Every structure is written in structure tokens, then in C-alpha cells.
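Hi,

Here is the structure I promised to pass on.

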Amino acid sequence: MKHILSILSISAILFTSCKKDDTPAYNPNVKADLSVEFDNIAGSSDLQLNTGSYVNAAGETFSVSKLKYYVSNFVLTKTDGTIYTVPQNESYFLIDESDEDTHEPTLSIPEGEYKSISFVLGVDSLRSTKDISERTGVLDPTAAGGDMYWGWNSGYIFFKMEGTSPAAGMGGSFMYHIGGFGGYSSATLNNIKTITLDLTARGVPQVKSGKATNIHLMVDVLKMFNGPTNVSIAANSMVMFDPYSSTIANNYTAMFKHDHTEN
């Protein structure tokens, strides 16, 4: 009987030891990389520029030739409730469907397990109004950000989608250039949107120095058309800096979904 108890005790100790070993020892004073992948899709299909054909809720067939959008101001919350805000100068990315190198931004954050992530779709008003010397990299309107900036309105285009559709005017083309941060020429047009995603259901990221951790997000462009207000290409084939842009911005907040985490 004592022999059996001894075996059980040893087994319990070994199980406990293994269990402890499976839990990473995090150091909140050490930073590690977390990549955030933006995987653009259209419904159940992968988004294919120029060649893909899709149908929106209005029954209109369309193809996409360009898709670009800014994500910025990342904030992550640990499972213990600790909040980490990525420094602003490290927190601006331009996702370009035509350039795979832009699809997976990497954040440097403290080690730990994170239950949620939030980010801005667009460029905040503070950065938009800073001196040009403080708007570098993807925000440089004379270089990488040139295609995403209205010189006539001194503001960034947060989201840009262009393509073709039999339903469109303008020779079969449509374009949606959505911006507006509540300043300059229109203080009432503010399309800055904050996206917050719960990471607990599809895998909590375990961020640890020396290991690769990835949050995989699906970005469904059909949600831009199919939302609280369905967007018809026939009725609105070109939307830029006008009040209807807010309808599109309200829709595209639902584009983002946490698909899985790779630890």
C-alpha cells in the first residue's frame, strides 16, 4: 500500500513539475516581438486584385484593383488587466494588398499573455497635424504616404479601395477614398475608427523573447459594402471627402476578425 502511495506521490510531483514547465516565465521588463497579420478576404474567398470577382449585398458584381489602409495606435491588454500602449512613433503601418511585405506589421511589446488588441483604422488628428518632419516612413506624403494623402485637404486617406463593376458609372470604375479626422476644412467629418478585438476565444498570444508569436486577422472587404447600411456601387460609385464617407466608415469597422493565434 505504501509502495502504491509512493508511486502516486511521485506521479503527482512529476505532473506538477511538467505543468509548471509548460507555463512560460514572463519578464514584463523584457520586450518581445508580436506580429499582427492582416489577411484581406472577400467573404469566404481570398482577395485577388484585378482577377477576383465578388458580389455585394446589393447583388452587384465587382473586382478590386487597389486596397490600402492605415492601422495605428496599437494598445494591448494582458490577461491580468495590464494595458500596454505601443509608442506612437512605432505604431503606424500602411497595409497594401499589392505588397505582401506590408501585411504583417511587428510590434515590440512586454512579455506576457494578452487578451485583447485595439488599433485605429486611420491616422489620428494629433499626428495628422504634426510638422512634416514628424511624419516619416509610411506617413511621409512626399514618399510612401503620397498615394494616401490629400494635398488639397491636408489630410490622410485612411482607407482606399478602387476597382471595376458593371454597376458603376465612370466607365465601369468605382473608388472609395475615406478620410477625415475632424480638422482643417471639415471639423464635423471625423471617420477615425478604433477597432477592439477579443483574443481569448481563438487563442491568447503568449509573447516571449526568442519565440515567434502571430495574431492572424481576417479582413473582409465585403463588410464595407454589407453593413448597417448596405453600400450600392450603382448609387455611390465614387465616395471621397463627403458626408456619405461616414456610412462606409461605419461599415468597415466590422471588417476585422481574429481568426487564430500562432504561438
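**The nonpolar core**

The largest nonpolar core has 62 residues, and those touching the most other members are Phe38, Tyr69, Tyr176, Tyr252 and Phe256. Its largest share, 8 residues, is supplied by strand E4 (residues 61–78). By a nonpolar core I mean a set of buried Ala, Val, Leu, Ile, Met, Phe, Trp, Tyr and Cys residues joined through side-chain atoms within 4.5 Å. Buried stands for under 20% relative accessible area, exposed for over 50%, and partly exposed for in between (1.4 Å probe, protein chains only). Helices (H or I, at least four residues) and strands (E, at least two) are DSSP runs, numbered from the N terminus.

Before you dig in, note that this is a predicted model: local features need pLDDT of at least 70, side-chain atom pairs count only at pLDDT 80 or more, and totals for chains, interfaces and linings use all residues. Residues are numbered from 1 along each chain as its sequence is written, and side-chain values use heavy atoms, with hydrogens and water left out.

Beyond its neighbours within four places in sequence, Thr247 is in contact with Thr229 and Val231.

**Salt bridges**

How many salt bridges does the structure hold? There are 5, taking a salt bridge as a side-chain nitrogen of Lys or Arg within 4 Å of a carboxyl oxygen of Asp or Glu.

One of them pairs Asp147 with Lys68 (3.1 Å, N to O). The two lie 79 residues apart, with Asp147 in the loop between helix H2 (125–128) and strand E9 (149–150) and Lys68 in strand E4. Asp147 is partly exposed at 30% relative accessible area, whereas Lys68 is buried at 9%.

Asp147 also forms a salt bridge with Lys160, whose closest N and O atoms are 3.1 Å apart. Lys160, in strand E10 (residues 155–164), is 13 residues from Asp147, and its relative accessible area of 4% makes Lys160 buried. Through shared partners, salt bridges join Lys66, Lys68, Asp147 and Lys160 into one network.

Best wishes

Technical notes. Contact = heavy atoms within 4.5 Å.
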